[in-house]
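Welcome! Here is a short tour of a protein model and the ligand it holds. Please take a look at the structure first.

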Amino acid sequence: MTENKNENNRVLSGMRPTGRLHLGHYHGVLKNWVRMQSDYECFFFVADWHALTTHYDAPHTMNEHVWDMVVDWLAAGVDPEKATMFIQSRVPEHAELHLLLSMVTPLGWLERVPSFKDQQQKLKDKDLTTYGFLGYPLLQSADILMYRAGHVPVGEDQVPHVELTREVARRFNYFFGRGPDFEEQVAGAITQMGKKAAKSFKRLKQAFNEQGCREAHAEACELVIRQQNINQQQKDQLLGYLEGRGRAILPEPAALLTEAAKTPGLDGQKMSKSYGNTIALRDDPKRVGQAIRVMPTDPARVRLTDPGNPEKCPVWQLHKVYSDKDTRHWVQNGCKTAEFGCLECKKPLIDKILQEQEEIAERAKPYEDNPAMLREVIEQGNERAGTVARETMEIVRDAVGTIYR
Ligand code: TRP
Ligand code: SF4
């Protein structure tokens with residue numbers, strides 16, 4: 001139950017610093033970030049600690065990978081005027097929140113996160129029986145909850161992590177949202193709302209608690225949010241009380257599932273660095289043209305006169321990403337009737353990709369030429385993120401009792 005899922009339109013997402021990004025990242029993630037930055041208050045961060053949970057043996061790569069990745073974000077069109085970009089380890093509050101969340105996170109919850117066993121299987125040559133690796137989804141929970149983000153755009157593999165985040169938030173709120181004088185404070189807040197509102201609130205709470213009436217729940221939330229006589233903390237308390245829990249200190253986020261735009265790699269498999277089949281976001285145009293020209297096509301098309309089937313051709317998959325309706329039509333027809341050869345078919349695709357790459361390169365250039373500008377973007381982002389993080393930690397420390405006056 002995310003009673004305050006619309007309370008904020010804040011979005012948070014992070015990416016491990018893997019170095020230069022490729023078109024799979026671009027179509028799968030970055031374009032989505034760029035789209036969201038105008039509609040939401042976006043926080044995008046470099047998950048450098050997350051990278052260390054699996055790549056603790058490669059600290060020397062971190063620096064370059066981080067900056068290369070951030071340049072690619074900017075090159076893709078993430079706008080520092082609109083979105084806040086920062087580095088996780090530069091907001092060390094993430095570590096403190098991670099620690100505090102760990103106090104109420106049962107081991108079993110972490111052990112049953114699918115990625116825990118999956119990754120251990122996949123990366124067999126690496127020792128992932130570490131404390132850090134087990135805890136990394138919880139670190140992710142801290143990342144999300146720190147910004148009280150309502151929405152977390154992620155791919156399918158990350159949905160269980162957002163689910164864990166919701167469970168952890170609920171448990172945290174349950175333990176820490178209810179101070180010893182919770183009941184008293186709630187009673188005070190209800191009185192403070194005024195007679196009429198108090199009466200409505202009680203009636204709606206009863207309808208929700210006893211009959212499970214959802215409309216009553218929604219109405220009660222609205223009523224509380226609308227109140228002018230009580231402060232935000234009191235509102236949080238009432239919203240928690242409404243559901244029979246404590247104050248919602250950490251709001252539960254919702255996953256925003258990014259529809260998986262599958263970008264095929266140069267060999268037709270999914271584009272991935274580990275397959276060596278990528279086109280980088282900032283690639284050498286000559287290499288890109290050449291790589292596409294030698295890309296495999298439908299094996300049935302041995303000779304120019306052999307008709308083919310686009311469904312069996314990775315080049316068609318790229319056309320689906322890049323080409324307009326007319327061109328796609330042209331490909332379908334021409335391929336099936338052997339009207340032209342594969343090289344011909346690839347031409348408009350190469351043009352489109354190179355044109356896109358030119359725009360990307362243009363946006364990257366100022367940052368490549370002037371690294372100080374890049375550092376500045378991140379400095380400012382770290383500041384902004386830090387401000388929010390410090391606010392959240394004030395509330396959290398207060399809740400867990402580690403404020404000493
Ligand atoms: N775990 C994510 C990944 O491996 C990266 C990540 C870390 C993240 N913290 C996050 C994504 C918070 C979204 C929100 O891709
Ligand atoms: Fe693929 Fe185009 Fe060749 Fe058909 S004509 S096999 S779609 S490259």
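On its own, ligand 1 exposes 360 Å², and the protein buries 89% of that (accessible areas come from the Shrake-Rupley method with a 1.4 Å probe). This is a predicted model, where local features need pLDDT of at least 70 and side-chain atom pairs count only at pLDDT 80 or more, while totals for chains, interfaces and linings use all residues. Residues are numbered from 1 along each chain as its sequence is written, chains are lettered from A and ligands numbered from 1 in the order in which they are written, and side-chain values use heavy atoms, with hydrogens and water left out.

**Around ligand 1**

- The shell holds 14 residues, and the closest are Arg-16, Phe-45, Gln-140, Asp-143 and Gln-158 (a residue is near if one of its heavy atoms lies within 4 Å).
- By type, the shell divides into seven nonpolar, five polar and two charged residues.
- β1 (10–15), α8 (136–146) and β4 (151–154) each give two or more residues to the shell, and α8 gives the most, with four.

- An N or O atom in the side chain of Asp-143 is 2.8 Å from a nitrogen atom of ligand 1.
- For the side chain of Gln-140, the corresponding distance to a nitrogen atom of ligand 1 is 3.0 Å.

**A look at Glu-163**

- Glu-163 sits in helix α9 (residues 159–176); helices are DSSP runs (H or I) of at least four residues, and strands (E) of at least two, numbered from the N terminus.
- With a relative accessible area of 37%, Glu-163 is partly exposed, meaning between buried (under 20%) and exposed (over 50%).

Terms used:
A polar contact is a pair of N or O atoms within 3.5 Å; within protein, one must be able to donate a hydrogen and the other to accept it, and residues adjacent in sequence count only if both atoms are side-chain atoms. Ala, Val, Leu, Ile, Met, Phe, Trp, Tyr, Cys and Pro count as nonpolar, Asp, Glu, Lys and Arg as charged, and the others, Gly among them, as polar. Buried means under 20% relative accessible area, exposed over 50%, partly exposed in between (1.4 Å probe, protein chains only).
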